[in-house]
Amino acid sequence: MKNSFLPSGLALSLFSLAMQAHAAGGHHAVDDAALLDVGKCKVEGWVERETGGARTLQHAGAGCRVGPVELGLNLDKEKQTTLDAATSFGPQIKWAFSLNDVLSVGAVASAKFNSQAPRYASSTLVLPLSWRATDTLSAHINWGRNFLRGGVGQPRGGVSFEWAPISDLSLVAERFREAANNSTRIGARYALTPDVKLDISRARGLHAGGVSWWTAGVIWEFDR
């Protein structure tokens, strides 16, 4: 998932997502090399809850296709059991290009700012590669890096597989690295209507003492 604003002032999402079959993104860690269709926008939101309730995350955002790119802005509120809730926001820009009928590449750049000082927290660059193996199976690979405040960098990336056994349902499995930790996720995306999609997934950290968490979200695409 890894930056300016539209003239209309519409907030744009951190995680750009192509609203079609074989679309990663949303709350998933591994993004796809695809864009919204020309003239399309979206809004999205999700809630993440760590098993046992030690951490919760609420996300809201929206996005639009502007020429050859998607522009975005996200808003997140994270709560740890023993700490006050922390709010952050960040813009994003995404570009993607089809090499042929089955391969596409892209680039996603984003930044994160805190609601309180110090404002700047980090920036991220991710390069996604997507491969449509069959009409129902796709794979996505990400390479990237987080650039933290103070000059510290962390590698990030991952691989995911999407299978769409029927037109309205896709199943996702991914392994990814974020915040210096490796994790896995399995999930499902269901198209309630052609423009509204529902997500649910369970992720688990692979490091010693790694926790698991559930995520549920919704994505709505519409004409600008």
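Begin with residues 120-132, strand β6, and residues 137-148, strand β7: a hairpin joins β6 to β7 through 4 residues,. The model is predicted, with local features requiring pLDDT of at least 70 and side-chain atom pairs counting only at pLDDT 80 or more, while totals for chains, interfaces and linings use all residues. Residues are numbered from 1 along each chain as its sequence is written, and side-chain values use heavy atoms, leaving out hydrogens and water. Strands are DSSP runs (E, at least two residues), numbered from the N terminus.

Keep β6 and β7 selected. The two run antiparallel and are joined by 11 bridges; strands pair if DSSP finds at least two bridges between them. Select Leu 129 next, and opposite this residue stands Ile 141 in β7.

Move on to Cys 41 and Cys 64. Their sulfur atoms lie 1.8 Å apart and form a disulfide (a pair of cysteine sulfur atoms within 2.5 Å). This pair links distant parts of the chain, 23 residues apart: Cys 41 belongs to strand β1 (residues 40-50) and Cys 64 to strand β2 (residues 55-66). The link is right-handed, with 105 degrees about the S-S bond. A search of the whole structure finds 1 disulfide.

Finally, colour both cysteines by accessibility. Cys 41 counts as buried because its relative accessibility is 1%, and Cys 64 counts as buried at 0%; buried means under 20% relative accessible area, with a 1.4 Å probe and protein chains only.

Methods:
Buried < 20%, exposed > 50% of the residue type's maximum accessible area, 1.4 Å probe, protein only.
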